[in-house]
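Me: Here is a structure I would like to go through with you. Please take a close look at one part of it, then link that part to others.

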Amino acid sequence: EAERTEDDDCNEGSMVTVYNVHRLVLAMGPKKSGYFEALLQSDCYSENSDCVSTVKLPEKVAKQFPDFLDYLYAQPLESAVVINFENWESMKYLANYFLVPRLTEAVAEFIENDMEFLNLDHMEKYISEFHRDISDDMSRRILPKAVCICAKMFQLIEVDSPLLMSIPPAMLRSIMRRLRVDDKQETLHTLSLLAAYAERNVEDLSIFVVCFCGLPIELWLLYNLEEEIDDGVIELAFTWFRLLTKRGWHIENEDSWFWYHIPVIISALEGIISKYLRSKTPSLEMMERIVRDVPNDVVARVFRASVDEAR
């Protein structure tokens, strides 16, 4: 039972909702609340007392409180409360605040099941929420699942997707370890996503390690097996060369564990430029871009090789 009253302690016109609840119901049973259990055991809450416990909740969470009470009152198999994408955050908040492990479990199960539907917007929300505190028990449960799902749905992500930018570097590294690409188009899309991710975080060395040096070399070598390099591939090569030459991307310590990747990847990019020049006669505009966007030493080697072949 609930009733609305004006709150004298808050701003004028502010209203509170008073709920008359059965303490024994809320403090006992399989869905008991640790919060209400502690209240029941306290001295001020004797069996015949008429005490009131005041709880201040965020407005969004407070709207879900009636459903929360319905959940506590219902038998385990009889609850009509449905956890969904609109209320899971509030239910998670209430479960944590009032110490209801069974509800916490129900929220976690909903999220795990919902992730299987590969909804990009939902996944972004889950990653943003649970990366705030990776030491939290539910975060440790949800994030590994999110890594596997993101690897499965990676080809659905667009380069301007908020989901892509919500993924932290360490998580992206884990996704890449699980990623499988089956053809040239998937490879191109994967490399485009990583280039977009790196370009928006160009000064961050950890991003460099994930997107560039931590990238599976097979993805780059796949292009060197192609007989013809199309415009999409050459554009991607230009992007990665630009990233290499931007400030903050120079690796001065050759003892770094990831340093040895760089010559291999540069060689693969150089191979892309060489094959492009061999497969077609580039326009003047394309030649200008090669000179502008590709490092001078690479341009020199490529053109020298082209001259030697012509002879």
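In which helix does Arg102 lie?

Reply: Happy to! This is a predicted model, in which local features need pLDDT of at least 70 and side-chain atom pairs count only at pLDDT 80 or more, while totals for chains, interfaces and linings use all residues. Residues are numbered from 1 along each chain as its sequence is written, and side-chain values use heavy atoms, with hydrogens and water left out.

Arg102 lies in helix α6 (residues 101-115); helices here are DSSP runs of H or I, at least four residues, numbered from the N terminus. With a relative accessible area of 39%, Arg102 is partly exposed, a class that falls between buried (under 20%) and exposed (over 50%), using a 1.4 Å probe and protein chains only. Pro30 is 72 residues away from Arg102 in sequence, yet their C-alpha atoms are 7.6 Å apart.

Now for Ser139, in helix α8 (residues 137-152). Ser139 counts as buried because its relative accessibility is 3%. A polar atom of the Ser139 side chain lies 2.9 Å from the backbone oxygen of Asp133. Leaving aside neighbours within four places in sequence, Ser139 is in contact (heavy atoms within 4.5 Å) with Phe130, Asp133, Ile134 and Pro144.

Finally, helix α11 (residues 184-199) has 16 residues and reaches 22 Å from its first C-alpha to its last, close to the 22 Å expected at 1.5 Å a residue, the expected span being 1.5 Å times one less than the number of residues. Its buried residues include Leu194 and Tyr197. Leu172 touches both Leu194 and Tyr197.

Methods: Helices (H or I, at least four residues) and strands (E, at least two) are DSSP runs, numbered from the N terminus. A polar contact is a pair of N or O atoms within 3.5 Å; within protein, one must be able to donate a hydrogen and the other to accept it, and residues adjacent in sequence count only if both atoms are side-chain atoms.
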